[in-house]
Amino acid sequence: MLLYLVRRLLYVIPIGLAVSAICFSLVFLAPGDPLSAVLPADASLELIEKLKADYGFDRPIPVQFGKWVARAVQGDLGISIATGRPVNSELARAISNTFVLAFFACSFGFTLGLVLGFIAGYWNGTWLDKVVTSLAVAGVSVPHYWLGMVLVIIFSVFFNWLPATGMGAGGSSEWAWDWEHLQFVILPAVTLSVIPTAIITRTVRALVADILSREFVTALIAKGLSDRGVFWHVVKNAAPTALAVMGIQLGYLLGGSILVETVFAWPGTGFLLSVAIFQRDLPLLQGTILFLALFFVFLNLLVDMVQTLLDPRIRRT
Amino acid sequence: MEPRAPDEPLVSVSDLTVRFSRTGQTIQAVNGVSFDLAPGEVLGVLGESGSGKSVTLRAMLRILPAHRSSVTGTIRVAGRDVLALSGAELEDYRGGTVSMIFQEPMLSFDPVFTIGQQIAESVRRHMKVDQQAARARALEMLDRVQIPSAKRRLDAYPHEMSGGMRQRAMIALALACKPKLLLADEPTTALDATVQIQILLLLRELQREFGMSVIFVTHDVGVAIEVADRIAVMYAGRIVETGSVREVIRTPRHPYTQGLLSSTVRGELRGQRIEAIPGSPPDLAAMPPGCAFAPRCKHARDECLRAVPGAVDVGGGHEARCVLLKLAA
């Protein structure tokens with residue numbers, strides 16, 4: 001197990017390198033010049049050249065990449081061109097904001113998904129199952145930026161119950177655990193949770209229905225276990241797969257949703273990415289993508305670990 | 001528990017009928033099965049796939065899917081009306097008074113719990129002891145079913161054991177709470193021949209030691225002869241013949257039993273063609289009004305098609321449901 005852990009951690013290095021090479025070079029494929037966004041239209045040629053040299057954009061791309069990686073390894077992702085602030089601090093704030101949003105979306109979505117999935121699986125084939133399954137299909141099919149706007153129209157515009165955008169009064173992006181701030185998170189969190197809820201519902205429903213149809217459940221009933229006793233067995237059998245799916249969904253949520261964060265002007269990583277793209281802020285863009293990609297790799301590793309602990313059939317040496 | 005007369009049989013099943021309903025179709029899996037079983041007696045239920053033998057066992061343990069099946073008739077086990085049990089009483093009955101071993105030991109253990117946990121779970125449920133005592137009992141049972149290095153096997157998962165070993169563990173689980181009746185649903189069918197014999201011998205030995213009654217369902221005539229005191233032959237959801245092993249095997253009275261025995265490979269038949277029964281069993285969704293075997297029977301006459309023949313006792317508790325016997329009597 002320990003050896004497996006070490007090996008999996010070592011895998012992160014080549015994966016990380018490949019990911020960083022891809023996200024570094026991809027942004028160069030896009031048209032547009034990062035400096036044109038910050039320079040005045042009538043800037044002199046010398047000024048452009050000087051700025052290029054300052055940012056290192058005059059070097060060949062492989063050299064730029066090498067320098068970038070060397071600094072990234074030391075935890076320095078460069079300076080944002082648009083704001084002039086370090087990418088690290090921009091990213092840190094966005095990540096903490098996205099985590100807040102993801103925390104609520106997960107708590108809500110995973111709980112609801114598990115409950116609905118178990119209900120549909122236990123009453124497989126009944127009208128209850130059909131209602132839940134239809135809801136889940138609707139959930140994965142609905143575009144969430146559209147849903148976000150509809151929710152805003154209903155709850156902010158029509159009823160005026162909840163704020164439409166931002167994460168605090170007056171455009172503040174400081175989080176606090178009080179109703180003043182909580183009311184801002186409700187609509188984006190609900191919007192963001194719809195797809196994970198639906199996916200988890202469907203996965204858990206299929207899992208539970210499959211487990212309940214297996215012979216060993218009959219054997220458990222035959223040895224005198226109560227419904228509650230059998231339920232515990234179902235949970236433990238469903239857990240590894242359900243956890244893997246939840247882990248992947250958690251990865252998506254923590255990555256931040258560009259669309260949902262943009263619709264609600266939530267200053268998280270998704271919002272940061274869209275800003276960086278539109279401003280051609282290469283260091284910010286590269287840094288954010290790299291962080292998200294590595295985070296995803298790490299999360300997958302974590303899910304693998306937990307799965308191994310839960311399911312004895314997955315033996316890793 | 002209700003008081004029970006000393007001469008009352010342990011098990012008394014009468015007119016047991018099981019129907020499965022599926023989208024407008026009703027399948028008559030068991031059609032009026034009746035039998036008694038004395039304490040310590042081993043009944044071998046012989047029949048082909050779909051003859052209702054497994055369904056009979058499952059009905060006796062009340063583990064058929066409740067919403068898709070209907071069970072009528074009476075089942076009395078150890079003085080209790082099984083079909084009237086519910087809630088905690090039913091859970092005490094399952095695994096406590098009566099337990100079951102299944103055909104596929106791989107599929108009948110929960111794959112994510114150890115063998116020891118699964119036996120201990122049952123022990124704790126029925127014997128009301130703590131975790132440690134339950135584990136000790138599990139170890140004792142694994143030893144009892146002759147699993148080598150039982151202590152280590154206690155923490156093994158089902159997938160880490162061989163088929164024969166798993167079936168031994170299944171037997172340990174079933175017998176851990178000292179049931180009065182063991183239901184064995186083709187427990188040796190999924191095993192290879194050498195392991196089959198070992199499991200049969202073990203079951204026979206444990207049955208004598210525990211003094212329990214056993215209903216052993218099989219499609220294998222040889223296995224039934226090996227383990228049973230009495231044999232019941234099932235066809236299309238009915239018991240067509242029943243009697244002591246010796247009587248039924250030596251002088252089968254029902255044409256189906258005769259056909260079943262003559263289609264079994266035995267040493268003396270080497271080089272001869274096996275006499276198979278022509279045709280196939282009836283559709284259980286559309287049972288004929290008369291003898292279900294009549295369409296395949298070479299002795300069939302008009303009378304056979306009219307009504308289900310009653311059981312005729314040919315002496316010594318040997319009964320068969322065939323009109324020919326009534327004519328002879």
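Why is strand S7 (residues 181–185) of chain B largely enclosed by the rest of the structure? Select S7(B): five of its five residues are buried, so the strand is largely enclosed. Buried means under 20% relative accessible area, with exposed over 50% and partly exposed in between (1.4 Å probe, protein chains only).

**Before going on**

This is a predicted model, in which local features need pLDDT of at least 70 and side-chain atom pairs count only at pLDDT 80 or more, while totals for chains, interfaces and linings use all residues. Residues are numbered from 1 along each chain as its sequence is written, chains are lettered from A and ligands numbered from 1 in the order in which they are written, and side-chain values use heavy atoms, with hydrogens and water left out. Helices (H or I, at least four residues) and strands (E, at least two) are DSSP runs, numbered from the N terminus.

**Stop 1: strand S7 of chain B**

Stay on S7(B) and show its side chains. Leu181(B), Leu183(B) and Asp185(B) lie on one side, Leu182(B) and Ala184(B) on the other, and all are buried.

Strands of a sheet pair through backbone hydrogen bonds, either parallel or antiparallel. Here, two strands pair if DSSP finds at least two bridges between them. Strand S6 (residues 98–101) of chain B pairs with S7(B) in the parallel sense over four bridges; within that pairing, Ser99(B) has Leu182(B) as its bridge partner. Strand S8 (residues 213–218) of chain B also pairs with S7(B) in the parallel sense, over five bridges. To find one of them, select Ala184(B) and its bridge partner Phe216(B).

**Stop 2: the whole sheet**

Select the strands of the sheet in chain B. Eight strands form an open sheet in the order S6-S7-S8-S3-S9-S10-S12-S11, with mixed pairing. Its edge strands are S6 and strand S11 (312–313) of chain B, each pairing on one side only. At the S11 end, S11(B) pairs with strand S12 (residues 319–320) of chain B in the antiparallel sense over two bridges. Asp313(B) has Glu319(B) as its bridge partner there.

**Stop 3: strand S9 of chain B**

Move to S9 (residues 230–235), where six of six residues are buried. Arg230(B), Ala232(B) and Met234(B) point one way from S9(B), and Ile231(B), Val233(B) and Tyr235(B) the other way.

Strand S3 (residues 42–46) of chain B pairs with S9(B) in the parallel sense over four bridges, and Gly44(B) has Ile231(B) as its bridge partner. Strand S10 (residues 238–244) of chain B pairs with S9(B) in the antiparallel sense over six bridges, and Arg230(B) has Ser244(B) as its bridge partner. S9(B) and S10(B) form a hairpin with two residues between them; in the turn, look for Ala236(B), which has a positive phi of about 50°.

**Stop 4: where the chains meet**

Show both chains. How many residues of chain B are in contact with chain A? There are 23, in contact with 20 residues of chain A; contact means heavy atoms within 4.5 Å.

The size of an interface is often given as the accessible area lost when the parts come together. Chains B and A bury about 2000 Å² between them, 60% of it on carbon and sulfur atoms; buried area is the accessible area (1.4 Å probe) that two parts lose on being put together, summed over both. In chain B, Val112(B), Phe113(B) and Glu121(B) lose the most area to chain A, together 27% of what that side buries.

Select Glu121(B) together with Lys223(A). They form a salt bridge, with the closest N and O atoms 3.0 Å apart. A salt bridge is a side-chain nitrogen of Lys or Arg within 4 Å of a carboxyl oxygen of Asp or Glu, and the count between the chains is two.

**Stop 5: helix H8 of chain A**

Select helix H8 (residues 215–222) of chain A, in which six of eight residues are buried. They are Phe216(A), Val217(A), Thr218(A), Ala219(A), Leu220(A) and Ala222(A). What covers them includes helix H7 (179–212) and helix H9 (227–254) of chain A, together with helix H1 (53–61), helix H2 (87–97), helix H3 (105–108) and helix H4 (115–127) of chain B. Just after H8(A), Gly224(A) takes a positive phi of about 95°.
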